[in-house]
Amino acid sequence: MTTLIESEEHKSLRAAVSAFAQTHPHTLNPEDGKRLWQDAAKLGYIGVNLPEAHGGGGAGITELALVLEELGAAGNPLLMMIVSPAICGTVISRFGTEEQKRDWLPSLADGTRLMAFGITEPDAGSNSHRITTTARRDAATGEWVLTGRKVFVSGVDIADATLIVGRTEDARTGKLKPCLFIVPRDAPGFERRPIDMELNAVERQFELTLDDVRLPADALVGDEDAGLLQLFAGLNPERVMTAAFGIGMGRYALSRALDYARERTVWKTPIGAHQAIAHPLAQAHIDLELARLMMQKAAHLYDAGDDIGAGEAANMAKYAAGEACVKAVDQAVHTLGGNGLTREYGLARLITASRVARIAPVSREMILNYVSHQTLGLPKSY
């Protein structure tokens with residue numbers, strides 16, 4: 001029942017975040033984005049999912065997703081919320097050493113430091129088993145040495161470190177297994193190059209090169225033999241938060257379209273009175289609400305410790321939200337006609353941005369593969 005009806009506490013949080021987001025101007029200025037992040041952190045929104053013992057709010061992904069959705073619905077989404085507190089903060093709080101927790105969680109919670117996340121590679125795509133970034137131990141010093149490349153890493157230029165997914169060799173089998181490493185931004189051999197994106201966003205995308213980056217032994221997060229479990233402990237929240245990102249964006253676009261449809265008058269009648277306008281907008285609202293229900297289910301399952309159930313639900317939520325977001329944005333632009341493509345109304349830039357929820361962090365086709373194989377029990381084609 002908790003996934004169907006929000007508690008009074010959640011309703012109050014939603015209202016507070018919405019009111020807060022409305023007080024910040026929507027711009028693509030990085031300084032405005034930084035100010036929004038810092039102000040949100042001061043109110044406890046950024047670290048709401050992190051442990052109280054380390055300066056967080058002691059809540060879960062359910063609450064963090066709610067915050068991101070409302071920020072997005074006000075036109076002020078914070079992409080790095082998906083990465084810094086949701087992925088990196090979750091992985092460190094669940095699997096990090098006590099020293100790593102003390103070092104990172106308080107500053108991630110209060111917004112004074114950010115952490116990026118690097119998993120995607122040029123040749124691996126969505127296949128995490130083909131990741132070629134390798135990590136080996138230097139027998140003489142005990143240090144880790146990382147070599148490889150990453151692409152489409154968000155916010156590396158504003159992050160203090162990047163949580164890098166590498167692979168180490170299993171001494172027993174000789175096979176490579178995934179592991180997670182904290183790489184400081186100023187580590188020698190760690191270089192970044194901005195990717196020229198046709199995407200208007202505060203956060204930029206980067207290609208990373210790791211050229212024999214040497215890290216201390218304690219840069220490894222968690223157990224070297226449990227890397228896959230730890231990796232998906234971060235990827236499930238990522239999918240939930242991406243769903244929140246898409247739902248928020250879709251709600252924002254829909255709200256702009258509704259305002260216009262109520263006010264724009266042709267032949268003495270507001271265009272919103274015509275079913276050709278009203279029905280598609282109603283459908284967009286229904287799709288967003290359905291996606292939110294699946295997102296809430298996924299978040300509740302994750303917060304309850306059901307990683308397997310959360311994995312299935314999070315993938316479905318991300319798929320549903322991505323589709324609903326694209327349709328809502330498309331219909332909003334169409335409702336405004338030529339005005340939908342003007343800078344004044346701010347919807348045209350969402351045409352590209354809304355596709356992010358379909359493509360990242362995993363494509364809708366790979367989610368359909370997941371559901372086909374894992375849920376429906378159909379054979380693989382690869």
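Visitor: How many aromatic pairs does a search of the whole structure find?

Guide: The search finds three aromatic pairs. Rings of Phe, Tyr and Trp (its six-membered ring) pair if their centres lie within 6.5 Å; planes under 30 degrees apart count as stacked, over 60 as edge-to-face and the rest as tilted. This is a predicted model, in which local features need pLDDT of at least 70 and side-chain atom pairs count only at pLDDT 80 or more, while totals for chains, interfaces and linings use all residues. Residues are numbered from 1 along each chain as its sequence is written, and side-chain values use heavy atoms, with hydrogens and water left out.

Visitor: Why is the pair of Trp144 and Phe181 edge-to-face?

Guide: Their ring centres are 5.1 Å apart and the planes are at 65°, so the pair counts as edge-to-face. Trp144 is in strand β3 (residues 144-154) and Phe181 in strand β5 (residues 176-184), so the pair ties together parts 37 residues apart in sequence. Helices (H or I, at least four residues) and strands (E, at least two) are DSSP runs, numbered from the N terminus.

Visitor: Is Phe181 buried or exposed?

Guide: Phe181 is buried, at 0% relative accessibility, and Trp144 is buried at 1%. Buried means under 20% relative accessible area, exposed over 50%, partly exposed in between (1.4 Å probe, protein chains only).

Visitor: New topic. How many salt bridges are there?

Guide: The count comes to 23 salt bridges. A salt bridge is a side-chain nitrogen of Lys or Arg within 4 Å of a carboxyl oxygen of Asp or Glu. One of them joins Glu70 and Arg14, with the closest N and O atoms 2.6 Å apart.

Visitor: Where do Glu70 and Arg14 lie?

Guide: Glu70 is in helix α3 (residues 61-73) and Arg14 in helix α1 (residues 8-22), so this pair ties together parts 56 residues apart in sequence. Both Glu70 and Arg14 are buried.

Visitor: What about Arg262 and Asp259, what do their side chains form?

Guide: They meet in a salt bridge, 3.3 Å from N to O. Arg262 and Asp259 are three residues apart in helix α6 (residues 227-263), so about one helical turn separates them. Arg262 is exposed, at 56% relative accessibility, whereas Asp259 is partly exposed, at 38%.

Visitor: Which residues do salt bridges that share partners join into one network?

Guide: That network consists of Glu6, Arg14, Glu69, Glu70, Arg251, Glu289 and Arg292.
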